[in-house]
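Visitor: I should like to learn how to read a protein model feature by feature. Might we begin once the model is before us?

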Amino acid sequence: MALRTIREIGDDVLNKVCKEVTEMTPRIATLIDDMFETMYEADGVGLAAPQVGILKRIAVIDVGEDPIVLINPRIVATDGEQTGQEGCLSVPGKCGDVTRPNYVKVVSLDRDMKPIEIEGTELLARAMCHEIDHLDGKLFVDKVIGELRVVTEEEEEE
Ligand code: NI
């Protein structure tokens, strides 16, 4: 496993729509391992492949429960609303308030390319929305209500 360089806002790769993954390969398996290592090293709770410069529909999430791999994920249901602080490893040192659904259901493939369905509320719902946005070239900064703020210590980044 190896750490990958996290691309930051202003890098065009973060604004591109990513391509679907059609088969698991050793190269993609290594990418997923590296994404987890890079995310944990940076104290993040989620990381999408374009954030390490790879335009594929892959994201990893760990909100403190089980590590989740999402491949070609789609949101198929949402409910409710939550407004809360959000950050991004590609926007270091900044955070802002974003409104997201309070519940989402996602259909995806797992790292064995098996179909899975994941339901999440609160932080997990927020993280899945945030990461799936990355796969469509969208950053949270465009959804912030009011102004971006400087992150204080202790605050989690997504
Ligand atoms: Ni992000």
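Predicted model: local features only at pLDDT ≥ 70, side-chain atom pairs only at ≥ 80, totals over all residues.

Visitor: What does the same check give for the 16 residues of α1?

Guide: At 1.5 Å a residue, α1 should span 22 Å, and its end C-alpha atoms are 22 Å apart, which agrees. Just after α1, D43 has a positive phi, of about 60°.

Visitor: How many of the residues of α2 are buried?

Guide: A residue counts as buried when its relative accessible area is under 20%. In α2, twelve of the 14 residues are buried, so the helix is largely enclosed by the rest of the structure. Among them are L124, M128, C129, H130, I132 and H134.

Visitor: Which residues are buried in α1, and against what do they pack?

Guide: The buried residues of α1 are I28, L31, I32, D34, M35, F36, T38 and M39. They pack against three strands: β1 (46-48), β2 (58-61) and β3 (68-79).

Visitor: How does one describe a pair of aromatic rings?

Guide: One gives the distance of the centres and the angle of the planes. This structure holds one aromatic pair. F36 and Y40 form that pair, with 5.9 Å centre to centre and 20° between the planes, and it is stacked.

Visitor: Where do F36 and Y40 lie?

Guide: Consider the general rule for a helix. An α-helix has 3.6 residues a turn, so residues three or four places apart point the same way. F36 and Y40 both lie in helix α1 (residues 26-41), four residues apart, about one turn of the helix.

Visitor: Is F36 buried or exposed?

Guide: F36 counts as buried because its relative accessibility is 11%.

Visitor: Why do C88 and H130 count as buried?

Guide: C88 counts as buried because its relative accessibility is 0%. H130 also counts as buried, at 2% relative accessibility.

Visitor: In what sense do β4 and β5 pair?

Guide: For paired strands, one reads the direction, the bridges and the turn. β4 and β5 pair in the antiparallel sense over six bridges. E86 stands opposite G96 in β5. The two strands form a hairpin with six residues between them, and G93 in the turn has a positive phi of about 80°.

Visitor: What does the side chain of S90 reach?

Guide: S90 lies in the loop between β4 and β5. Its side chain reaches the backbone oxygen of R7 at 2.7 Å. S90 counts as buried, at 0% relative accessibility. Leaving aside neighbours within four places in sequence, S90 is in contact with I6, R7, E8, I9, L14 and Q51.

Visitor: What does the side chain of S108 reach?

Guide: S108, found in strand β6 (residues 103-109), has a side chain that reaches the backbone nitrogen of I71 at 3.0 Å. S108 is buried, with a relative accessible area of 7%. Not counting residues up to four places away in sequence, S108 touches several residues, including V69, L70, I71 and P115.

Visitor: Is P115 buried or exposed?

Guide: P115, which lies in strand β7 (residues 115-121), counts as exposed at 67% relative accessibility. Leaving aside neighbours within four places in sequence, P115 is in contact with S108 and L109. The C-alpha atoms of P115 and L70, 45 residues apart along the chain, are separated by 10.0 Å.

How values were computed. Residues numbered from 1 in each chain as written. Heavy atoms only, no water. Buried < 20%, exposed > 50% of the residue type's maximum accessible area, 1.4 Å probe, protein only. Phe/Tyr/Trp six-rings, centres within 6.5 Å; stacked < 30°, edge-to-face > 60°. Pairing = 2+ DSSP bridges. Polar contact = N/O pair within 3.5 Å; in protein donor to acceptor, adjacent residues only side chain to side chain. Contact = heavy atoms within 4.5 Å. Expected span 1.5 Å × (residues − 1).
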